Amino acid sequence: MAGTEATDTLEGQFLIAMPSMADSRFEHSVIYMCSHSEQGAMGLVVNQIARHLSLEELLIQLDIVNDESAIRLPPQIRDMNVHKGGPVEVERGFVLHSDDFMLNQSTLSIDNGICLTATLEILRALAQGDGPTQAMLALGYAGWGPGQLETEIQSNGWLTAPADPDILFDTDSGSKWHRALGSLGIDPAMLFSDAGHA
């Protein structure tokens, strides 16, 4: 039985919203799945930017840096986007990152060199230039109760695809949905062809 659970899990996969997605919060979303079991599922939207907040502002709000030290932030940190990870616990931060950074008892290794850390320590490390080489910060997450995600997939709400770190960590969030579909050999225009014309 344990063998079938491992092959059925979507951990470390992308969920790609179909054009027919009924929930507008997930329209054209690409979600990296962090956990998936009989108890439910949790993932982070990786292509929606929180335009109202920069990482620099967030670090100042959290007292990790002050206005003076913010000037000395590493350029890749100053330019890093804050993502809207989903509608659940939107004040909570999650960092998806490469496995060259681990915090004992705090970092969850998910799949294929991708890890998840949800503590202030990783933000401090990033601010000091000691964090992972690749990182993506999200506020909030997407969550599903037992069987809920499976039902949404069966009703053609989502496609699944192997997660591509190049898409996951790319700063060009606007192209992630098209590129994730492209990784499956799907031209997004073909998904709209049966929608009709106004």
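Predicted model: local features only at pLDDT ≥ 70, side-chain atom pairs only at ≥ 80, totals over all residues.

Reader: How many salt bridges does the structure hold?

Author: There are 4 salt bridges. One of them joins the side chains of Asp-23 and Arg-25, at 2.7 Å from N to O. Another pairs Glu-89 with Arg-92, at 3.7 Å from N to O.

Reader: And how does accessibility look for Asp-23 and Arg-25?

Author: Asp-23 sits at 25% relative accessibility, so it counts as partly exposed. Arg-25 is at 47%, which also makes it partly exposed.

Reader: What about Glu-89 and Arg-92?

Author: Glu-89 is partly exposed because its relative accessibility is 34%. Arg-92 has a relative accessible area of 36%, so it is partly exposed as well.

Reader: OK, switching to packing. Which residues have the most contacts inside the largest nonpolar core?

Author: Those are Phe-14, Tyr-32, Leu-44, Leu-96 and Leu-168, in a core of 24 residues. At least two residues of this core come from each of these elements: strands S1 (13–17), S2, S3 (40–45), S5, S7 and S8, plus helices H7 (165–168) and H8 (176–182). Another core lies apart from it, with 22 residues, among them Leu-55, Ile-64, Val-65 and Ala-135.

Reader: Let's zoom in on Tyr-32. Where is it found?

Author: Tyr-32 belongs to strand S2, which covers residues 30–37. With 1% relative accessibility, Tyr-32 counts as buried, because the cut-off for that is under 20%.

Reader: What does Tyr-32 touch, not counting residues up to four places away in sequence?

Author: Its contacts include Gly-12, Gln-13, Phe-14, Leu-44, Leu-96, Asp-111, Ile-114 and Leu-168. Gln-13 is 19 residues away from Tyr-32 along the chain, with 6.0 Å between their C-alpha atoms.

Reader: And Leu-44, which residues is it in contact with?

Author: Leaving aside neighbours within four places in sequence, Leu-44 is in contact with residues including Val-30, Ile-31, Tyr-32, Cys-34, Phe-94, Leu-96, Leu-116 and Tyr-141.

Reader: Which residues of helix H5 are buried?

Author: H5 runs over residues 120–127, and Ile-122, Leu-123, Ala-125, Leu-126 and Ala-127 are buried there. Those buried residues pack against helix H2 (55–61) and H4, and also against strands S5 (88–98), S7 (114–117) and S8. Just after H5 comes Gly-129, with a positive phi of about 80°.

Reader: Which residues have a positive phi although they're not glycine?

Author: Gln-105 is one of them, with a phi of about 70°, and Asn-112 is another, at about 55°. Gln-105 lies in the loop between S5 and strand S6 (107–111), while Asn-112 is in the loop between S6 and S7.

Reader: Are Gln-105 and Asn-112 buried or exposed?

Author: Gln-105 has a relative accessible area of 85%, so it is exposed. Asn-112, at 60%, is exposed as well.

Reader: Which residues lie nearest the centre of the largest pocket?

Author: Gln-76, Met-80, Thr-133, Gln-134 and Ala-135, out of 19 lining residues. The lining of the largest pocket divides into 8 nonpolar, 8 polar and 3 charged residues. Ala-135 is also one of the residues in the core of 22.

Terms used
Residues numbered from 1 in each chain as written. Heavy atoms only, no water. 1 Å grid on protein atoms, 1.4 Å probe; cavity = no way out; pocket = protein on both sides within 12 Å on 5 of 7 lines; lining within 4 Å. Nonpolar A, V, L, I, M, F, W, Y, C, P; charged D, E, K, R; others polar. Buried < 20%, exposed > 50% of the residue type's maximum accessible area, 1.4 Å probe, protein only. Helix = DSSP H or I, 4+ residues; strand = E, 2+ residues; numbered from the N terminus. Contact = heavy atoms within 4.5 Å. Core = buried A, V, L, I, M, F, W, Y, C linked by side-chain atoms within 4.5 Å.
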